[in-house]
Each structure stands twice: as structure tokens, then as C-alpha cells.
Amino acid sequence: MNILLVDDDAGSLLGMKFAIEMMGYACDDCLSPLEAIEKYLPERHDVAVIDYQMPSLNGFEVLQKMRIKNPALKAIIISGCINIKVETEGQPYILLKKPLGDDFFQALKEIEISSMGVNK
């Protein structure tokens with residue numbers, strides 16, 4: 001499974017990328033929301049992990065633009081402050097609070113399992 005990781009905080013990005021790669025996943029990273037939108041390739045990236053609070057565009061806006069290329073893109077939105085007023089039930093993304101822990105890795109595993117046997 002190949003993950004596109006987006007966070008404007010270089011330290012967080014590096015730490016998350018390391019953890020994701022230690023789990024055996026491939027991971028491309030972006031420090032900028034605009035870079036992520038440009039870099040996202042539906043044939044390459046299975047999941048997008050996107051920080052919510054970033055300059056120029058928030059995580060939901062980034063996801064919306066990526067889904068122009070692939071409406072079925074699976075995504076995890078992460079945030080240091082979960083004061084985001086949004087209903088996540090029934091929505092096509094997962095919302096998790098930083099710092100990331102077991103819930104993040106469990107979400108990746110569930111996405112991987114749900115994607116098995118599905119051709120891109």
C-alpha cells in the first residue's frame with residue numbers, strides 16, 4: 001500500500017513517515033497542500049494522510065481537490081486540535097487526533113484489508 005502523507009510541520013512529517021515505513025508501507029511526503037494536490041496520482045497512492053490545519057488550504061479542501069482525480073480516494077485527516085466541527089460518521093474519511101497512536105495504525109490496517117482484491 002502506498003501512502004501520500006501531507007503535513008506542513010517538517011518534524012511531524014518526518015516522524016510519521018518513519019513510522020509508516022517501519023510498518024512496511026511505501027510513503028511519499030509533502031510539506032505543502034498545493035504540492036500534495038499536484039503530486040497525488042490515483043494509480044500510485046492508495047491512501048492520503050492529510051493534516052487538517054495548514055496554510056492556504058485545510059485538510060478537507062486538499063482532500064476535495066484530490067478527489068477530483070479519484071472520488072474513491074481513502075483518506076485519514078489528522079489534527080492537533082480536534083475542535084473541528086464536522087460529522088464523520090458515514091463520511092469517506094477518518095478523522096484522528098495528533099499525536100498519532102495505535103488508532104492511526106489500526107485505521108491503516110483496516111484500509112489495507114478493505115482494499116485487498118480491489119483493482120485501481
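Q: Is F105 buried or partly exposed?
A: This is a predicted model, in which local features need pLDDT of at least 70, side-chain atom pairs count only at pLDDT 80 or more, and totals for chains, interfaces and linings use all residues. Residues are numbered from 1 along each chain as its sequence is written, and side-chain values use heavy atoms, with hydrogens and water left out. Buried means under 20% relative accessible area, exposed over 50%, and partly exposed in between (1.4 Å probe, protein chains only). F105 has 24% relative accessibility, so F105 counts as partly exposed.

Q: Which class does F104 fall in, buried or exposed?
A: The relative accessible area of F104 is 2%. F104 is therefore buried.

Q: How many aromatic pairs does the structure hold?
A: Rings of Phe, Tyr and Trp (its six-membered ring) pair if their centres lie within 6.5 Å; planes under 30 degrees apart count as stacked, over 60 as edge-to-face and the rest as tilted. The number of such pairs in the structure is two.

Q: What kind of pair do the rings of Y52 and F60 form?
A: Their centres are 5.4 Å apart. Their planes stand at 65 degrees, so the pair is edge-to-face.

Q: What kind of pair do the rings of F104 and F105 form?
A: The ring centres of F104 and F105 are 5.2 Å apart. With planes at 70 degrees, the pair is therefore edge-to-face.
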